[in-house]
Amino acid sequence: MSTVQTSDLGVIPATLVESQRRRSAAPTGDETVATGPPPVEIRDLTVAYHERPVLWDVDLTVRPGKLTAIVGPNGAGKSTLIKAALGLVPVAAGWVKIFGEPFAEQRRLVAYIPQRGSVDWDFPTDALDVVTMGRYGTLGWFRRPGKRERQIAMDKLRQVGMADFARRQISELSGGQQQRVFLARALAQEADLYFMDEPFAGVDATTERAIVELLQELRSQGKTVVAVHHDLNTVDDYFDDVALLNVRLVAYGPVDDVFTHANLHATYGGRIGFLSGGPAETSAAVAD
Ligand SMILES: Nc1ncnc2c1ncn2[C@@H]1O[C@H](COP(=O)(O)OP(=O)(O)O)[C@@H](O)[C@H]1O
Ligand SMILES: [Mg+2]
């Protein structure tokens, strides 16, 4: 596979070229017939911190049962978009609905894995506890998690290959292991919609593979996943749909349609090395 070194983004994938080629192929016929309200519907969403807009007039309707990547440069508002959907940041204008209702009425249907490093896991709790906490939302008021909840939590730890670490303090796990535990916790919630903020950041290749397989498993169960993704090389491999974001939504749709040079240029500007070259250099850079 041919790749191109870029200034600060690593390597630009030759799969970009492939996806553009495939675009002209016959339709795959896997178009989902939407039934019921969309998992995520965002309208005219503007979010500002200290009166500086970090999301501007975003409209986005996520397709059900798909893996959607949110892609864009640092500070583009990707994490903020997820937080706005979860009601974690105040919205200056517009609205978000989750399966047709405000998030507050749908929280049981939603699991969220925050960006790693944004949570301080230094307090004493072990992996099994963290995953069992994911069950709280499914329990009635005042019911404490019992044997069944622990069993489910243990199953989920097993599913992510962390059963042996059930009693290990979360602070003593490596970054990749912590990420697997958080994934197990999200799985334990048995949600219909999963928001994940950079689930692959800082994990090793084995963990990355394990996460990819889990995403595919979730999709095969009809679940919807919206994940912030930072690696342009794997967008095409891992995701069905992509939302390109830089304060505004630049483009959204199936990866094959949307993950194009023009759209990436509009999203990243001159920060992608090969895109700042002339036309000849550009075509040479992405040729097989
Ligand atoms: N709590 C906050 N207070 C003030 N500014 C913030 C806060 N959170 C994020 N920002 C700013 O908002 C912009 C978007 O941040 P973020 O959504 O985290 O971007 P991304 O996830 O795409 O890197 C950045 O400029 C960031 O510095
Ligand atoms: Mg972020």
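Me: In what order do the strands of the open sheet come?
Reply: This is a predicted model. In it, three strands make up an open sheet, ordered β4-β3-β6. They pair antiparallel.

Me: Which strands stand at the edges?
Reply: β4, residues 52-62, and β6, residues 93-98. Each has a single partner strand, so one side of each has no neighbour in the sheet.

Me: How many degrees are neighbouring strands turned against each other?
Reply: On average 25 degrees, with direction ignored.

Me: Now β3 and β4. How many bridges there?
Reply: Seven. β3 covers residues 40-49, and its pairing with β4 is antiparallel.

Me: What stands opposite L45?
Reply: V58, in β4.

Me: And which residue is the bridge partner of A48?
Reply: P53, again a residue of β4.

Me: What about the hairpin? How many residues lie between β3 and β4?
Reply: Two. In that hairpin, H50 takes a positive phi, near 50 degrees.

Me: Switching to the β6 side. How many bridges join β3 to β6?
Reply: Five. Those two strands run antiparallel.

Me: Which residue in β6 stands opposite E41?
Reply: K97.

Me: Where does β3 sit in the order, then?
Reply: Between β4 and β6. Seven bridges pair β3 with β4, and five join β3 to β6.

How values were computed: Residues are numbered from 1 along each chain as its sequence is written. Chains are lettered from A and ligands numbered from 1 in the order in which they are written. This is a predicted model: local features need pLDDT of at least 70, side-chain atom pairs count only at pLDDT 80 or more; totals for chains, interfaces and linings use all residues. Two strands pair if DSSP finds at least two bridges between them. Helices (H or I, at least four residues) and strands (E, at least two) are DSSP runs, numbered from the N terminus. Axes are lines fitted to C-alpha atoms, for helices over the stretch in contact, and angles run from 0 to 180 degrees between N-to-C directions.
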